[in-house]
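Hello,

Here is the structure I promised to pass on. Please load it first; my notes follow below.

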Amino acid sequence: MENERIATVMDHLFRHESGKIVSVLTKIVGPSNIELAEDVVQDSMTDALEQWSYKGVPDNPAGWLYKVAKFKALNILRKENSHRKYQIETGHLINSTLESSVDIEEFFSDEEIADDQLRMMFTCCHPSISSDSQIALTLKTLCGFSAKEIANAFLTNEDNINKRLFRARKVIRENKVSFEVPVGTALEPRLQTVLDTIYLLFNEGYNATEGSLSIRWELCEEAVRLAMLLGASELVQDKNEIWALLALMLLNASRFNARVDKADALVDMANQDRSLWDKQMIDAGLAYLDRSIATGNVSSYQINAAISAHHCTASSESTTNWENILKLYDNLAAMDPSPLVLLNRAVALSKTNGPQKGVDALITLQKEAVLMGYPYYHAVLGEFYLELKQEKKALVCFKKALKLVANNKEKRHLENKVAYCKSVI
Amino acid sequence: MSYPCTLGLLMGKQQIKPSVMKEFMLLVKTEGDHFASMSAETQQAHVAKVGTYIGNLMEKGQLKGAQPLELEGTMVQGTKGSFKDGPYSESKEVIVGYFHILAQDLQEAVAIAKANPLFEETEASIEVRPVKVLEGIN
């Protein structure tokens with residue numbers, strides 16, 4: 001019983017509580033001093049570990065952490081008041097806190113915590129910060145990832161991540177980025193950046209084919225959690241895009257475990273064991289999609305979610321409603337005629353009008369330099385040629401794709417294709 | 001004078017049989033601060049293990065007391081009139097905490113020490129010492 005309680009309480013406690021406390025403290029010390037907030041939280045976590053290793057885990061571990069973090073923060077602020085090591089720009093907050101005309105407890109109410117996490121999201125995803133750095137800072141501050149964990153997730157080294165974090169904090173300081181959720185007409189474009197960053201974060205976890213599976217899954221979970229925080233907030237009124245993004249992420253995430261087989265090889269969607277798709281997640285995704293459609297405006301997240309929904313609800317590749325999917329890609333291409341969208345559209349087109357149409361569509365995309373350097377383009381074209389029994393052409397495509405992929409799983413996948421072509425030529 | 005206190009009464013727990021349990025001090029030693037370098041993920045996993053570990057000891061009424069100790073501090077060493085100066089840096093290992101526990105015998109106390117999740121995270125040593133009892137007095 002006791003152990004179960006601890007397991008439940010502990011689930012993500014450190015990650016998520018640290019995100020909450022960093023957000024609240026950042027409001028108090030100002031976004032220029034995010035690092036100060038991060039340090040205080042890190043320190044509190046270490047203290048918790050030490051105390052709990054001897055005293056056991058308290059009944060309310062989160063409350064325990066708040067208390068310790070508050071105390072530490074107040075101590076530093078009192079010292080800073082005389083030393084001014086950190087430039088503290090939200091003077092009124094700090095001074096009133098120090099004079100205790102404002103009870104610091106008020107900063108840690110559930111509502112304030114939720115709002116501060118949102119403010120933190122908008123701060124980390126400020127358009128003046130590069131998207132690499134946005135993601136790194138979001139993971140560090142809101143999701144409680146260490147630089148090392150972020151490095152693992154991005155298959156890079158810790159130094160690199162620390163540089164990104166450093167740049168992000170610098171931009172925040174230099175641009176005097178404020179700690180608030182924008183209001184009025186400023187909100188929409190800023191919300192778009194936040195959502196795009198969340199989706200990038202999700203895709204980092206979802207699309208990587210190497211690296212620890214648990215970390216990649218956590219990235220997906222964190223992306224969903226952040227989107228849900230946005231969805232639950234009253235600071236954002238128009239939630240259409242948030243629901244659409246949540247739908248898209250949940251529907252895609254439902255297939256997470258079916259994409260690799262027992263031998264650790266990649267499995268195309270056509271060949272996936274659909275019983276491995278997470279039914280509950282699909283239902284949740286569909287519910288969000290309904291909500292998003294009910295609220296109005298069409299967005300690219302919504303169309304992508306609808307496409308994903310078609311896949312998720314089909315019993316097999318052949319019974320998939322490709323006509324509708326093609327229409328959805330047409331709509332998407334009308335909004336965003338990017339080479340990637342057109343590439344995916346070509347796949348749907350080949351399903352409805354035959355592989356030759358797919359080939360034709362892809363040939364017209366040859367002028368797109370981005371696609372020429374994208375292994376998936378050549379692999380898809382190769383698949384079309386295979387269906388047309390033109391193995392020689394297919395072989396050329398798979399070889400091109402093979403040259404472009406870096407990771408081993410994809411390499412093996414393509415090598416099998418190359419070997420197959422050679423065996424039938 | 002009151003009745004000789006049995007350990008069972010002292011601990012206020014019913015499950016354990018009084019009088020057979022002995023007291024032990026487990027002195028935990030590590031080289032430096034091992035918690036600070038853990039990632040949030042490992043920290044969390046560690047806390048879950050530690051919670052279970054301490055929870056079990058408490059449930060069985062085997063934990064009399066435990067404290068972490070600060071890494072700083074100093075050693076008072078020498079004899080009256082000729083104390084040596086300076087911190088005790090001769091040994092790399094520092095006592096970072098103690099557990100005051102109850103166990104049937106040395107063997108069980110050692111098992112409890114070995115089960116400490118600390119060993120999963122870092123190189124450490126735990127000195128297991130029975131608390132000396134004088135029959136008829138303690």
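Predicted model: local features only at pLDDT ≥ 70, side-chain atom pairs only at ≥ 80, totals over all residues.

The phi of A:Asp264 is near 65°, positive in a residue that is not glycine. Most residues other than glycine have a negative phi. A:Asp264 counts as partly exposed because its relative accessibility is 37%, and that class lies between 20% and 50%.

A:Lys176 also belongs on your list. Its phi is positive too, about 45°, and A:Lys176 is not a glycine. The residue is in a loop of chain A, between helix H9 (158–174) and helix H10 (187–207). A:Lys176 has a relative accessible area of 66%, so it is exposed, the cut-off being over 50%.

Now chain B. It has four helices and six strands. From the N terminus, the order is α-β-α-β-β-β-β-α-α-β. The chain has 138 residues, and 35% of them count as buried.

One residue of chain B to check is B:His46, in helix H2 (residues 40–59). Its relative accessibility is 1%, so B:His46 is buried; the limit is under 20%. Which residues does B:His46 touch, leaving out those up to four places away in sequence? From chain A, they are A:Leu49 and A:Ser53. From chain B, they are B:Phe35, B:Met38, B:Pro117, B:Leu118 and B:Glu121.

Best wishes

Technical notes: Residues numbered from 1 in each chain as written. Chains lettered and ligands numbered in written order. Heavy atoms only, no water. Helix = DSSP H or I, 4+ residues; strand = E, 2+ residues; numbered from the N terminus. Buried < 20%, exposed > 50% of the residue type's maximum accessible area, 1.4 Å probe, protein only. Contact = heavy atoms within 4.5 Å.
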